[in-house]
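This briefing covers the surroundings of the ligand and the sheet of the structure shown here.

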Amino acid sequence: MIRSLDGASILVTGGGSGLGEGMARYFASLGARVTITGRRADKVQAVAESIGPQACAVAGDVTDATDRAAMIAAAVAHGGGLQGLVNNAANMLRGPITELAEAAVLDILNTNVVAGMMLTGLAVPHLARDGGAVLFLGSVHTRRAYPGASTYAASKGAVEVLAKVLAAELGPQRIRVNCVIPGAVPTELNVRAGLYTDAEHIARLKTMLPDHPLGRIGTPGDIAEAAAYLLAADWVTGQSLVVDGGLSLGVSYK
Ligand SMILES: NC(=O)c1ccc[n+]([C@@H]2O[C@H](COP(=O)([O-])OP(=O)(O)OC[C@H]3O[C@@H](n4cnc5c(N)ncnc54)[C@H](OP(=O)(O)O)[C@@H]3O)[C@@H](O)[C@H]2O)c1
């Protein structure tokens with residue numbers, strides 16, 4: 001059965017930009033009540049206001065325990081409960097293994113992996129009330145190896161495994177846990193990490209076009225539709241759904 005997301009309360013971390021914003025907008029278009037979070041209060045506030053009264057913004061850092069509790073409380077208050085948690089907030093780190101600073105690596109693992117685990121734990125009592133769902137954001141970096149992206153790829157491999165183990169652990173409480181694995185979508189992820197300007201990032205993604213059997217780079221909408229499916233599909237749990245225009249097939253049409 002595919003559940004309706006109409007009226008569902010869904011918390012999307014990192015909902016002030018990119019894929020998180022795309023998911024929040026799409027879920028709201030399906031009638032969901034969305035709560036979005038991010039460290040930049042102006043960003044999340046602007047996105048929530050442009051969505052309308054169905055959306056609520058909570059500024060906060062997913063690596064901070066007090067902020068995490070406030071995010072869950074805000075989503076429960078705004079949506080009258082919690083049926084969906086999307087662990088989307090993440091950061092990128094690139095660099096050769098010989099040059100990685102331990103603090104920077106731990107920071108990425110803390111944001112991309114540990115924060116989602118802790119939020120999931122806080123969400124469980126609420127999600128268990130009506131058989132809710134958790135969604136992690138993986139990455140095509142676990143399907144194609146990109147030199148210099150070891151920390152980020154390791155963090156995404158971790159969340160994919162988490163989805164499986166938590167699906168087994170939380171299934172008896174009727175909570176489903178899945179992972180969506182996006183391919184290349186232009187967002188500010190690499191730009192925020194100081195790796196490229198917006199223009200350089202778009203130019204780089206264009207060089208990847210020959211690696212895409214379907215001949216195009218992704219959009220936030222592509223990921224949002226898959227995410228909605230995984231939140232709504234009543235008998236799907238512990239799965240990873242690759243949504244990448246065929247990038248992970250490893251072919252090149254150069
Ligand atoms: N774009 C792609 O091609 C692609 C491909 C595969 C997977 N993904 C995954 O998709 C997800 C969304 O990324 P994106 O591409 O949409 O990039 P993005 O636009 O940079 O979104 C990431 C969001 O996470 C928030 N965030 C980062 N650290 C946070 C923290 N400590 N606390 C709270 N919020 C935090 C950021 O907002 P603040 O800075 O305001 O906190 C930002 O809005 C990530 O999990 C990413 O790994 C993206």
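In what follows, Ala, Val, Leu, Ile, Met, Phe, Trp, Tyr, Cys and Pro count as nonpolar, Asp, Glu, Lys and Arg as charged, and the others, Gly among them, as polar. The model is a predicted one, in which local features need pLDDT of at least 70 and side-chain atom pairs count only at pLDDT 80 or more, while totals for chains, interfaces and linings use all residues. Residues are numbered from 1 along each chain as its sequence is written.

**Ligand shell**
- The ligand is surrounded by 30 residues, where a residue is near if its C-beta atom, placed from the backbone, lies within 6 Å of the molecule; the closest are G14, G18, R39, A90 and T187.
- By type, the residues of this shell comprise 10 nonpolar, 14 polar and six charged.
- Helix 1 (18-29) gives the most to the shell, with three residues (helices are DSSP runs of H or I with at least four residues, strands runs of E with at least two, numbered from the N terminus).

**R39**
- R39 lies in the loop between strand 2 (33-38) and helix 2 (41-51).
- Leaving aside its neighbours within four places in sequence, R39 is in contact (C-beta atoms, placed from the backbone, within 7 Å) with A59 and D61.

- Seven strands form an open sheet in the order 3-2-1-4-5-6-7, with parallel pairing (two strands pair if DSSP finds at least two bridges between them).
- Strand 3 (55-59) and strand 7 (240-243) are at the edges with a single partner strand each, so one side of each is left without a neighbour in the sheet.
- Strand 6 (residues 176-182) pairs with strand 7 over four bridges in the parallel sense, and V180 has L241 of strand 7 as its bridge partner.

How values were computed:
Contact = placed C-beta atoms within 7 Å.
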